[in-house]
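Thank you all for making the time this morning. Please have a look at the model on the screen while I talk, and I will take the overall picture before I turn to single residues.

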Amino acid sequence: MLSGAASTIMLTSQKGLEIIMNNDPQADSSSIEPKVEQRQFDVIVIGGNFAGLSAALQIARTRRPVLVIDTGKPRNRFAKASHGFLGHDGRSPTQIAQIGREQLLQYPTAHYVEGKAIRAERHQTDSFSVELESGTTYQSKRIVLAMGVMDHLPDIPGLAERWGKTVNSCPYCHGYELAGGTWGVLYTGEASLHQVKLMLDWSDNVVLLSNGSDQISDGVRADLTSMVESL
Ligand SMILES: Cc1cc2nc3c(=O)[nH]c(=O)nc-3n(C[C@H](O)[C@H](O)[C@H](O)COP(=O)(O)OP(=O)(O)OC[C@H]3O[C@@H](n4cnc5c(N)ncnc54)[C@H](O)[C@@H]3O)c2cc1C
């Protein structure tokens, strides 16, 4: 059975469960040798950014042995600053993670290893193994998957270089800093209309970029017109 919230999923018992990790194909951790000697843990957390470190912290506070495995490629690594995270607003994502790691590793039962998990397998109740790309295998009673999500950017020249700077997915994260300027919303479907509505909180000048699509329906056009008229 899979249960969980946000990007963290706790795996509970299911016969013959086997997960092949392919969430982070860009990560090349083959040259990193794990430095954690201990092999048996209560919980292994795969993914060691905000979600994984938060999960591990609570586990360490129950005095249980916990191992975090991380390839060091968080989704927000393209942004200079992270916003809207209470107590850390404006701090760099790298710095927040570093503080989180340092606080976690003050707990004697907490461990952290750099490496890529390539296979997780359930053998029997309370018995999982996780294999790293380096070949090292760790055992645990539970696994937490906190590997985040990956962005697949559209193939538009210049977009990738601006990702996390002037091209963003979340106005709540970075809209404040870009407020007042002209904003473009890339049309990907009718839900883009919702984005246009949201972004009017930060800019009066929002342009819907059709990206060559001739799929913008008359209904969407009418909604846009009434939105503009109501400004
Ligand atoms: C450009 C950008 C800017 C953002 N800015 C903000 C912001 O300002 N405020 C905000 O609230 N949110 C922001 N976000 C959303 C942001 O991604 C999250 O807040 C945060 O990164 C989520 O943390 P996470 O731990 O869930 O996932 P991630 O940060 O993606 O962390 C997942 C970790 O798992 C590791 N991993 C993946 N696969 C494996 C594997 N097989 N083995 C071992 N490790 C693995 C990765 O290397 C990574 O370190 C932003 C997103 C983007 C794209």
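This is a predicted model: local features need pLDDT of at least 70, side-chain atom pairs count only at pLDDT 80 or more; totals for chains, interfaces and linings use all residues.

As for the contacts with a separation of 6 or more, 59% of them are accounted for by residues 24 or more positions apart.

Let me go on to a pair of helices. Two packed helices are described by the angle between their axes and by the distance between the axes. Here, helix H1, which covers residues 50–60, packs with helix H2, residues 93–104, at an angle of about 15°, and their axes are 10 Å apart. Angles under 35 degrees count as roughly parallel, and H1 and H2 are therefore roughly parallel to each other. The crossing in which H1 passes H2 is left-handed.

Which residues of H1 and H2 meet? On the H1 side they are Phe 50, Leu 53, Ala 56, Leu 57 and Ala 60, and on the H2 side Ala 97, Gly 100, Arg 101, Gln 103 and Leu 104.

Helix H6 is the next element I would like you to find, at residues 218–229. H6 has 12 residues and reaches 16 Å from its first C-alpha to its last, which is close to the 16 Å expected at 1.5 Å a residue. Is H6 largely buried or largely in the open? The number of buried residues among the 12 of H6 is 0, so this helix lies largely in the open.

In the loop between strand S11, residues 205–209, and H6 we find Ile 216. Ile 216 has 16 other C-beta atoms within 10 Å, and is therefore partly exposed. Beyond its neighbours within four places in sequence, Ile 216 is in contact with Tyr 187, Ser 210 and Arg 221. Ile 216 and Thr 188 are 28 residues apart in sequence, while their C-alpha atoms are 9.6 Å apart in space.

Asn 211 also belongs to the loop between S11 and H6, and its phi is near 55°, a positive value in a residue other than glycine. With 12 other C-beta atoms within 10 Å, Asn 211 is exposed.

A positive phi, of about 60°, is found at Asp 126 as well, although Asp 126 is not a glycine. Asp 126 sits in the loop between strand S7, residues 117–124, and strand S8, residues 127–132. Because there are 11 other C-beta atoms within 10 Å, Asp 126 counts as exposed. Asp 126 and Gln 139 are 13 residues apart in sequence, and 9.7 Å apart from C-alpha to C-alpha.

Let me finish with Tyr 138, which lies in strand S9, residues 137–145. Is Tyr 138 buried or exposed? A residue is buried if 20 or more other C-beta atoms lie within 10 Å of its own, and Tyr 138, with 24 C-beta neighbours inside that distance, therefore counts as buried. Leaving aside its neighbours within four places in sequence, the residues in contact with Tyr 138 are Arg 39, Phe 41, Ile 44, Leu 67, Ser 129 and Val 130. Tyr 138 and Gln 40 are 98 residues apart in sequence, yet in space they are 6.1 Å apart, again taken from C-alpha to C-alpha.

Terms used:
Residues are numbered from 1 along each chain as its sequence is written. Axes are lines fitted to C-alpha atoms, for helices over the stretch in contact, and angles run from 0 to 180 degrees between N-to-C directions. Helices (H or I, at least four residues) and strands (E, at least two) are DSSP runs, numbered from the N terminus. Angles under 35 degrees count as roughly parallel, over 145 as roughly antiparallel, 65 to 115 as roughly perpendicular and the rest as oblique. A crossing is left-handed if the near helix is turned anticlockwise from the far one by less than a right angle, and right-handed if clockwise. Two residues are in contact if their C-beta atoms, placed from the backbone, lie within 7 Å. The expected span of a helix is 1.5 Å times one less than its number of residues.
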